[in-house]
Amino acid sequence: MKNKDNRLFPRELVKESLQQSFIKLNPRLMIKNPVMFTVELGTIVMLIVTLYAIITRHTDQGSVAYNGLVFLVLLLTVLFANFAEAIAEARGKAQAESLRKTREETPARLIRTIGEVFMNEVQVISSAQLRKGDVFLCEPGDIIPADGEIIEGLASIDESAITGESAPVIREAGGDKSSVVGGTKVLSDRIKVQVSTEPGESFLDKMIALVEGASRQKTPNEIALTILLASFTLVFIIVCVTLKPFADYAQTPITIAAFISLFVCLIPTTIGGLLSAIGIAGMDRALRANVITKSGKAVETAGDVDVLLLDKTGTITIGNRKATNFYAANGVSKEEFIKLCAISSLSDETPEGKSIVELAGKEVVSKLSVNGATLVKFTAETRSSGIDLSDGTRIRKGASDAMQKLAAHAGHSVPAETLEKVKAIAKDGGTPLVVALNSQVQGVIELQDIIKPGIQERFDRLRKMGVKTVMVTGDNPLTAKYIATKAGVDDFIAEAKPEDKMAYIKKEQTEGRLVAMMGDGTNDAPALAQADVGVAMNSGTQAAKEAGNMVDLDNDPTKLIEIVEIGKQLLMTRGTLTTFSIANDVAKYFAIVPALFIASIPALQGINIMRLHSPESAILSAVIFNAIIIPLLIPLALRGVAYKPIGASALLRRNLLIYGVGGVIVPFIGIKLIDLFISMFF
Amino acid sequence: MTTEILGVIITYALTLLLAWPLGKYIARVFKGERTWSDFMAPIERLFYKLSGINPKEEMNWKQHLKALLTINLVWFVYAFFALLFQDKLPLNPDGNPGQTPDLAFNTAISFVVNCNLQHYSGESGVTYFTQLFVLEFLHFVSAATGIASLIVVLKALKDKTTSKLGNFWDFFVKTITRILLPLAIVIAIILAFNGTPASYKGKDSYVSLQGDTVNVSRGPAAGMIAIKHLGTNGGGWFGANSAHPLENPNYITYITEMVAQVVLPIAMIFALGFFINRKKFAYVVFGVMTLGLLCLVIPTIITEIHGSPAIAHMGIAQPTGAMEGKEVRFGPAGSAYWSIVTTIISTGSVNAMHDSTMPLSGLMQMLGMMVNSFYGGCGVGFLNYYIYIVIAVFISGLMVGRTPEFMGHKLEAREIKIAALITLLSPFMILAGTALSSFILAHHPGADWAVKPSAWLNNPGYHGFSEMLYEYTSSNANNGSGFEGLGDNNIFWNVSTGFILILGRFLPIIGPVAIAGLMANKKFIPAAAGTLKTDSLTFGVMTFAVIIIINALSYFPALALGPIAEYFSMH
């Protein structure tokens, strides 16, 4: 996507989020988050205590200033948490809106129909009026008004508005690349497009609704974590409530402010306040990677993926095979052979043909001409293609066995060294293309799959993440094996048919693994639906997009790798912040517990290891620390904890050290510093 | 002093030496492999024939729990009435009276749940009949209940995906016939030969040097003392428990009883490794538990050896350490070791008065019971640990970026809900109980009860608070030891601790069995490079951290008002 805004807090979003933070104070909204809801209740109690202190002028609950400050800090705690959620929502929404903006209010040429019959009449309406099933016409220069499927024609389309990729793409009716996206621009040709979704029901609209919270459901993992956090909250309710009779027994009066502060500091407000922001930010990060997720659960599941099915072409290898070598048979000069190959391919538009011309070199090609020649196209029957020159010369190139047959038919034998070469090429994962001049074999061209640069490293990274990669290809097992080894994938499915993919997914799933795959064709749809994470390419058919649980706007097959990392980051961010939040409690206890009892039990000065100034300053420092840690961690919640594929145990050690041990130490320092400042006043 | 500490080390080493082969043997027994004890099979078959039970019928986790709870209810009813009417039953040579209903309720419960709080004194509160056929019987069956429920959990961990978790009665009977009975006989013989009574003759008497006639209670005690340790029960024959010269006559019996009480909890951990075939996991669990033991026992031994600072302030040297409430034949180091072992596992037998130990020791004893899974009680120790594992797995699973899974099964909301409830339960019962008694003491000290609340505590202030906190902690942990300054044989304490005993026993059994049962039903996920390894040192450290944090957060304020305040005011 163009104009990707990577600032964490764009000013216009901050303003909106600040407003939202107050709107979210509504208890009916707060109750969804039990941890912060209890903080809000505490805030209300402190408000009452403060008012009581102001009105009655009693100081048995502490001074007005002290109570008022505690109230303010608690209110800030709730607001900070709301702000975290609001800013995450705003960012996600802004991201989605920027995608949606491109397609708003463009004129559409609706083709009127009477029954099944299209009229030749075109009516120009606003894109907003298009309904599912409508058919519209697009001509060069038109902005496509809505998502749809081409039902007639072929066009080159500039999708840069969505993908940021400037090279135009070809979309045509009937195939697996028949989808067009609203907001993209037709560069050439005319197409008729049928609208595939009702307005407001596109994937993007659904995703915006997810982010906005209206239809956002907690994911299973989020529910489990909420339960755990709620139980911690309950433990601390018990701790605080029972402290009252304990204090009565010890004849120590404890102020309401101290009780509420202790409680608020102990409950996991840090993670409680950031939990929903983390989830939204996960979807947002997916969107920034140009992936539309249909649910938050899909992102979470992506982190668990064990097996990744990847198509060979386009993912592991660059597009199509390329010619890499010419091997002339004995008695044929190399120059002559290259010339022959180049002539046969000059008017061949297939990528293989082009690559042969390319390999032959400009010098050779510039001298050749094929005027008056007839092109012989590839057919499944002959399994060869070639050219008949005007002088009657027939040049053919094709699969080894087909060419052998051709030679044998004409009574020629195939040179032994060529046959050997053919075998050698196949063994190396290449495709041999045998060339014959008037049915006499002249030599062989080696075609090789070109493995994408850097793909080995990516697979290596996946392996360290514990994800098994599987290459899916139509090649024969020998070739497939060679490419698989060279690219570093763990397994491959050769001569794959769509049902083989399905069978493979099912097999892995019965063994308990989670499978992710990417696909675009209608025949991929069942497998996309079966896979735990199915990413459909945006260029794919509507059926594929409906079946998957994510849509990749870039049509980039390597996107799966990013998606897995986003999923892992999401879970890790939750885990590390939970650890941090709970580890913080140790220091808070050492601040507040002595503060509660020191007046009547001076001996407990022994556990005031931070040497905080006074009970009031200690309590205030703890709640202030508790409040400001939330906004300080918002960037981390939005960006996610960095994932490093170093193996589970090493990762656990690392995070435990940073967020566990760090979580114990940081608040000791923070509270002490705040206390040094506050002690000037209290 | 060196000799004393050496004694402690030798005792522990001896325990390990015995626990290893015992663990191997236990695993074989429950795997159904051939063992030397197969000669017991005909006796087992006789039981099944008489009761019409088919021991080969596979049960799911719910059926296991149903069987367990039903039989425990039966035992409770039996014990309650037997204690109530013990004066009318045979074998009462000392003519002891029947128990009051609230005491009988408390006693029956506390023996059924493997706690043995003993709000009575063995010499006068029970008869030979109830000692043998109620209390000693319950020693066996309550220990077997714990072990059988552990085997159910292990069975669930062992198989990939299953709802069939063996037969409860099979596990239960085998625990008694193959493990408890043979070992108890050996221990009882050692004790009897060292002077522990094994006689039905009733009180003996002698004339002291002062010329007074002293009656000395006796009885068939050796057997009971053997199983009270072996089954981590702790309910002794005599009131003074293993501090009593007849219950624990010399250093050999000290070592015997010491080894006997902790050998099964440790052996169960080794058995776990052999049974589910994950030895490394068992070693990590053992390592964490042992680390916990060391963290508690070392400060305790040091404090006790150093003696009381209050006495030191008076300028009195204490070359033998803190001797108040201790037996000369065991000394401070040996008693300190015993006091920690008996609290971390759920035995609760004592060879010195915990009430008289230093505040720091009291703190460590209470922490041991709060954690309740550093080895822990017979079988149930690992069940408690399992809950901590579930929470550790959940948090650390997230930290490595995967939906948490344990032993190939996903941990989801339902399991977390159960684990969270169980985690919640301990602080709730300990703190709510102590809060209730504190409230009554603070606001209604003169309530018109049989024993006025103001008369509950032997000591005022922090120590008094510790006495109450200790009592509820001990009840919740099914430990049974007491900070004996508390006047606990009255309705308030009998009933309030009684209910905590029931909940503190059965919910922590139901929870892990349910979690393990639910998880075993799920699809098995093979481990991959991204899977969190639960048999790694890192995960061990994580579990330890979870244990420390949960308990510290739950109990810090309460402990600050009790032993911690006492400690700081002494120094």
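Helices here are DSSP runs of H or I with at least four residues, strands are DSSP runs of E with at least two, and both are numbered from the N terminus. Welcome to this predicted model, in which local features need pLDDT of at least 70, side-chain atom pairs count only at pLDDT 80 or more, and totals for chains, interfaces and linings use all residues. Residues are numbered from 1 along each chain as its sequence is written, while chains are lettered from A and ligands numbered from 1 in the order in which they are written.

**View 1. The loop that holds N290(A).** Let's start in chain A, where N290(A) lies in the loop between α9 (269-288) and β9 (291-293). Phi of N290(A) is near 65 degrees, which is a positive value in a residue other than glycine. N290(A) counts as buried because it has 23 C-beta neighbours inside 10 Å. (With C-beta atoms placed from the backbone, buried stands for 20 or more other C-beta atoms within 10 Å of a residue's own, exposed for 12 or fewer, and partly exposed for anything in between.)

**View 2. Q251(A), in another loop of chain A.** Look between α7 (220-249) and α8 (256-266) of chain A to find the loop with Q251(A). Its phi is near 55 degrees, again a positive value in a residue other than glycine. Q251(A) is exposed, with 10 other C-beta atoms within 10 Å.

**View 3. R383(A), at an annotated binding site.** An unreviewed UniProt entry gives the annotation "binding site" to D348(A), E352(A), F378(A), T379(A), A380(A), E381(A), T382(A), R383(A), S384(A), S385(A) and K397(A). (UniProt positions follow the numbering used here, feature names are shortened, and annotations may be inferred rather than shown by experiment.) R383(A) sits in the loop between β12 (374-376) and β13 (384-388) of chain A. With 15 C-beta neighbours inside 10 Å, R383(A) counts as partly exposed. Leaving aside its neighbours within four places in sequence, R383(A) is in contact with G398(A), A399(A) and A402(A). (Contact stands for two residues whose C-beta atoms, placed from the backbone, lie within 7 Å.)

View 4. The unreviewed UniProt entry lists several "transmembrane region" features in chain A, including residues 256-278 and 658-681. In residues 256-278, the end C-alpha atoms lie 33 Å apart, and the span is 91% helix and 0% strand. For residues 658-681, the end C-alpha atoms lie 34 Å apart, and the span is 88% helix and 0% strand.

**View 5. Helices α14(B) and α17(B).** Now to chain B, where the axes of α14 (residues 380-399) and α17 (residues 491-520) come within 9 Å and cross at roughly 60 degrees. That makes α14(B) oblique to α17(B). (Axes are lines fitted to C-alpha atoms, for helices over the stretch in contact, with angles from 0 to 180 degrees between N-to-C directions; under 35 degrees counts as roughly parallel, over 145 as roughly antiparallel, 65 to 115 as roughly perpendicular and the rest as oblique.) V380(B), L383(B), N384(B), Y386(B), I387(B) and V390(B) in α14(B) meet P508(B), I509(B), G511(B), P512(B) and I515(B) in α17(B). The residues of this contact divide into nine nonpolar, two polar and no charged. (Ala, Val, Leu, Ile, Met, Phe, Trp, Tyr, Cys and Pro count as nonpolar, Asp, Glu, Lys and Arg as charged, and the others, Gly among them, as polar.)

**View 6. Where chain B touches chain A.** Here 55 residues of chain B are in contact with 60 residues of chain A. On the chain B side, the elements that give two or more residues are α14, α15 (413-443) and α18 (537-570). The most comes from α15(B), with 17 residues. The residues of this side of chain B divide into 37 nonpolar, 13 polar and five charged.
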